[in-house]
Amino acid sequence: MDNKGVVVPHNLPRGEMGGKQKIGQAVGKNRRVLGDIGNLVTAPAVGGKPKPQITRPATRSFCAQLLANAQAEKNKKLAEVVKKVPVKKKASDNETVNVISPDEVKAIEEESPLSRRKTKKTGKTLTSTLTARSKAACGLSNRPKNEIDDIDAADADNHLAAVEYVEDIYNFYKLTEDEGRVNDYMDFQPELNHKMRAILVDWLIEVHRKFDLMPESLYLTINLLDRFLSVKTVPRRELQLVGISSMLIACKYEEIWAPEVNDFIHISDNAYARDQILQMEKAILGKLEWYLTVPTPYVFLVRYIKASSPNDQEMENMAFFFAELGLMNYQTTIACCPSMLAASSVYAARRTLNKSPVWTQTLQHYTGYSEDQLMECTKQLVSYHLGAAENKLKAIYRKFSSPDRGAVALFPPATSC
């Protein structure tokens, strides 16, 4: 049998090479010769006669040889041009200098195949195009860059800051914040009123501070409380039960080490049994359809505080003080969306601390609100600060009068709003 053109592998097992089995039957049907897979380079025809096929695969070394030939061709053309250039003699001796203009050198380099290989197309990437479309869809206008500070520049090396996605994240928050909001529900609750809610929130702030919880847990607790009260009629005797069950859910969602059910039973002076708290927890999750990932005022507040320059601890404490005053008051919570409450808290804090200018282009860019849009909510927050010392509900006032909070509640209220 003719085995011409068959490639015989050298690493076949002995069983396949032994006996009377023919090589063509074992290998010829499943293997192709090297010339069949299209990796051979054919030299161009010269003088009408095609050159024989080069039986050498296009390996890395062969490609390197092609590049070297292209470079040699470039040098050859450069030498030919140099010979054609008129010779200028030196005045001092008989030596000659070959002079070539920069334009001629550039023309030679552009004609070289090597230079064409290095040429790259420039243009917008797919990511930049999609980002521009996202900003246009969200209604964000382009503003002069010299008026707006890049508040994420300092976190470029911080992977937890997610600077590549942070703008898209907050654009999404702004678009979806209405889904977690509630409308005026007090008419829906025959046994409740806004004063009862304020008393409950004041007590929850004390519990939150007693357990030393994360600030995210407090804001999510108030959100769950209001959303549940907007869809379920609750008798007065169970209002505190709804409050502690909402905080239990929020702690499980936000905290690393969440308080146990027994902790809430103890802090509520055994007002409710364990089974009651667990049943209410189940009822809240069922009514809210387990929708817990909502943009609360806290997520906007941390971003807007970062946009406030200079950003110091005093400014941060003052902004959180106004935000919690807004959370405790029912009318402000209902009238202001989370992002507006956060922006108004920062505006009121800057007013109180006499920051100049009160509202910058950077703040307006990152919050999306102008001064005029924030004035009504800001006036409410400043009025709460004005009456905080005389208010019977003093949890927030005591919290932010302590040295660890900078005693910002003791600052004179703003008078120019």
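Predicted model: local features only at pLDDT ≥ 70, side-chain atom pairs only at ≥ 80, totals over all residues.
**Notebook: around Leu-301**

Started at Leu-301 and listed what it touches, leaving out residues up to four places away in sequence: I get Tyr-219, Ala-319, Phe-320, Ala-323, Ala-342, Ser-345 and Val-346.

Next I looked up the core. The largest nonpolar core holds 92 residues, and Leu-301 is among those with the most contacts inside it, along with Ile-277, Phe-321 and Val-346. Which helix gives the most to this core? I find helix H14, residues 313-328, which puts in 10 residues. General reminder for myself: nonpolar side chains tend to be buried together in soluble globular proteins.

Then I went to Tyr-219, one of the Leu-301 contacts. Tyr-219 sits in helix H9, residues 215-229. Buried or exposed? I have Tyr-219 down as buried, because its relative accessibility is 1% and the cut-off for buried is under 20%. Skipping residues up to four places away in sequence, I see Tyr-219 touching Thr-296, Pro-297, Tyr-298, Leu-301, Phe-320, Ala-323, Glu-324 and Leu-327. I also checked the Tyr-219 and Leu-327 pair: they are 108 residues apart along the chain, yet their C-alpha atoms are separated by 8.1 Å.

Last stop was Ser-308. Where does Ser-308 lie? I place it in the loop between helix H13 (297-307) and H14. Ser-308 is in a loop, but I still count it as buried, because its relative accessible area is 1%. Its contacts, again without residues up to four places away in sequence, are Met-315, Val-346, Arg-350 and Leu-363. Val-346 turns up here and in my Leu-301 list too.

Terms used:
Residues numbered from 1 in each chain as written. Heavy atoms only, no water. Core = buried A, V, L, I, M, F, W, Y, C linked by side-chain atoms within 4.5 Å. Buried < 20%, exposed > 50% of the residue type's maximum accessible area, 1.4 Å probe, protein only. Helix = DSSP H or I, 4+ residues; strand = E, 2+ residues; numbered from the N terminus. Contact = heavy atoms within 4.5 Å.
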